[in-house]
Amino acid sequence: MNHRPAPLTPDVLVIGAGPAGLTAAAELARRGSGHVLVVDREQRAGGIPRHSDHTGHGVRDLRRVLSGPAYARHLVGLATAAGAEIRTRTMVTGWADDDTVDVTGPDGRYRIRPRATVLATGARERPRAARRVPGDRPDGVYTTGQLQNLVHLHHRPVGTRAVIVGGELVSWSAALTLREAGCTPALMVSQYPRAESYAAFTAAGRTLLRLPVATRSRVTRVIGTDRCRAVEIEHLDTGRRRTVACDTVVFTGDWIPDHELARGAGIDLDPGTLGPLTDTALRTSRPGVFAAGNLIHPVDTADVAALDGRHVARQVIDHLSGRPRPAEGVRLLAEAPFRWVAPQILRPTDPAPARGRLLLWTDSFVRLPKVTVRQDGRTVARRTLAWPAAPGRVFRVPAGLLDGVSTTGGPVRIGLDGARSGA
Amino acid sequence: MSAHRSGRARNPRTDVYDVAVVGAGIVGAALARELSGHELTVALVEARADVGDGTSKANTAILHTGFDAEPGTLESRLVARGYHLLSAYAEATGIPVERTGALLVAWDREELGVLPRLKEKAEANGYQHCRLVDADEVYRAVPALGEGALGGLTVPDESVICTWTTNLALATDARRRGTELLLRHAVTGVRRDDGHTTLLTTAGDVRARWVVNAAGLGADHIDRLFGHDRFTVTPRRGELFVFDKLARPLVDTIVLPVPTSRGKGVLIAPTVYGNVMLGPTAEDLTDRTDTATSESGHDFLLGKGERLMPRLLAEEITASYAGLRAAIDHGDYLVEATPEQRYLLVGGIRSTGLSAGLAIAEHARGVLAGAGLPLRARDRLPDPPRMPNLGEAAERPYQNAGLIARDPAYGTIVCFCERVTEGEIRDACHAPVPARDLDGLRRRTRAMNGRCQGFFCGAAVEALRARHHADDGRDRADGRDED
């Protein structure tokens, strides 16, 4: 009954055909890494940009400006032209052993045993239940992902008046999608004292979308038996509550990596990102298994994820050519107000991280952040950056700040001087 | 009497059924199945748009041995009997069951003192396999348990089961035996006519010689329509958290609280879908439709979870539910016939009704016979239906190479978190008791029940459902099934 064919044995298996996976595959194939196989469980390759139908994609990796769907198509074209094989509707469901995965697709149930694996499974937004928001369970409650799938891929109607929960970059993307679907974004609810994301986008949002933002607020209840009627929101400082009428609620942001396969393999996770713990070469704790994209930094923009892909490809090639794994290295730790840093391990002789940047996530707004790097009680570096650290988007720090770190010393702590002045 | 089996189409508006069963939850569906195994015409009359959409859909999904029932009660007898009947029925139909066993954990002296008495009670109920264990053994069984457990009592035969598939199997079986399923028929009145009862419903009149009231949360209302005043249903809300499948290795057995003078605590249980459940709360309400979750319920469960298993709370919550249990002001099941009205009440079936359902149906059949319903078993019955497997313990379609080779729709996974394939969604939309909406599809396939709650698959699942319903080309607005 369950006769299995012999496993496929590509040189590299890339799991996930989003910007990171496709770019990694294109780079690997272009550099002659043999059979590069990309699998993706969705109907079409391209990842989140497939339904992220606004402009601004491709700036950093392609040096051009594309809509999400056009960007997705472009990346698929690059990978295919370079010689990578892409299998869609093909899902890796688990690990058969340390080097082999189980796969289900319309062409069967089979196994893949590659020489190297790149996990590029991305991230998802926490849905309402995971955010522990009580109340009724009516129709009309979405995440941005579901909303954009509905509107852009399936052309389904949504409601007429929406509340957007969260104030991250993706929250504004949700607002644009709602507008396009004929649904008025009536209010954005954010726990932070100011709307996060790029100031320019926020300003544009305010003028173009005329979208009021309830800052320092959270949703405490969803109301409505069949269809959503309202949400109750609370001001975090005063405790005052009010209900806001709406037939649609979009829970945006609050990303969590899709780390099931990583955990299933017993790969070490970073407690901050909840993605695989990676070094600057994007190796995971499992030899031969690499990770890239928003799986390891939930979440940065699509082009940054793509450039991770380009970075990881070079490291995979080194691995395939037999370069041994370097010595242990030191751990990079995020200190408040930072929630996480990625990557998290710096090994001797390893390359600088992708794009020469460390990525961090801040819980409070700091206009002129003075970043400090400390190791074994010593300040290794201190630099004031010209761009703010803002919640709701990745804070990027030049990796040059790590130049004075000893790869044989203790953990390296990355924080801010005078962090308390934030917010 | 059994004209329908000769092939003549029935007309529910004018025909007089032999029996109308009101309520298509576990108990009503089991009753309809039981009765239609006899030379009888049976209608299963349900207020909602689907079977098992009331109190039966949101319980803790435990197949109870009945070890802790009150000895000597009808409930004690029927739960113990129902456990064996449902175990066998599950085997025959493919209802997912996992014999995980249960462990009652004592956290203080009072609870520890209760355990030996619970063991004696279990024995009085005819259950002989409980064993008292010390704290070391408790932690060996559940290493992730929080600190401070003092001892425990094992109940090796307690099991987890799929309550949705149970209800669907019983309703499907009943239909195959000839029961007519009348959905969206909420009973609003009762009229005694010559030789039969007319149920006035929101979708027209339904006539029957005998009426069985298995209306769960509405059973006291129906009972009053028949002129009785013997009990009141108090909806008792129970809120539950379902944790991510990645938490499942923490919990290999059902961790039960010890009932004390301070009431019942909450349990932690594996689910047959591979998740972990924490709950329920117990809160008496007046609104029989209020299945909202509450802030106080969330806080209560998180507080309990923190004590019981702190590591569990580090995992993601996949879903939160609230179910209403039909608590009544009476200590036992109420199965009482009124022969002169040709009416049977099956009321006060609390959360144990899932385990006891088949035994309740068997018992009720006897009561009806005693009250004068002529019963003659049919010679040949269709085989019980083989249900789609929703459980993690047995092979699922996406894992079945042979099945996928024959039909690639089973190789196309649509709901990634729960690994539900296009083939399963198609099947559920065209099943004998088909899914009509997304919630119905969730209960038949698990689609959208996973950690992303539709982030990836919600739109695709809805599109598939719409397509299959358009394929059907039938207007099911009146809720009547067509053969």
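Tutor: Let us start with a distance: taken over C-alpha atoms, the centres of domain 1 and domain 3 of chain B are 31 Å apart, where the domain bounds come from an automatic or database domain assignment. This is a predicted model, in which local features need pLDDT of at least 70 and side-chain atom pairs count only at pLDDT 80 or more, while totals for chains, interfaces and linings use all residues. Residues are numbered from 1 along each chain as its sequence is written, and chains are lettered from A and ligands numbered from 1 in the order in which they are written.

Student: Into which domains is chain B divided?

Tutor: Chain B has domain 1 (3-57 + 164-232 + 330-371), domain 2 (102-156 + 234-327) and domain 3 (397-472).

Student: How many residues of domain 1 of chain B are in contact with domain 3 of chain B?

Tutor: Two residues are in contact if their C-beta atoms, placed from the backbone, lie within 7 Å; here 11 residues of domain 1 of chain B are in contact with seven residues of domain 3 of chain B. On the domain 1 side, helix 5 (residues 163-176) of chain B gives the most, with six residues; helices (H or I, at least four residues) and strands (E, at least two) are DSSP runs, numbered from the N terminus. By class, that side of domain 1 of chain B has six nonpolar, one polar and four charged residues, with Ala, Val, Leu, Ile, Met, Phe, Trp, Tyr, Cys and Pro counted as nonpolar, Asp, Glu, Lys and Arg as charged, and the others, Gly among them, as polar.

Student: How many residues does each chain bring to the contact between chain A and chain B?

Tutor: Interface size is often given as the accessible area lost when the parts come together. Counted by residues, the contact takes 34 from chain B and 35 from chain A. Helix 7 (295-308), strand 18 (317-328), helix 9 (401-406) and helix 12 (458-472) of chain B each supply at least two residues of the chain B side, and that side has 16 nonpolar, 14 polar and four charged residues.

Student: How do strand 14 and strand 15 of chain A run, and how many bridges join them?

Tutor: Two strands pair if DSSP finds at least two bridges between them; strand 14 (residues 230-235) and strand 15 (residues 241-245) of chain A run antiparallel and are joined by five bridges. A:A230 has A:A245 as its bridge partner in strand 15 of chain A. The two strands form a hairpin with five residues between them, and A:G239 in the turn has a positive phi of about 75°.
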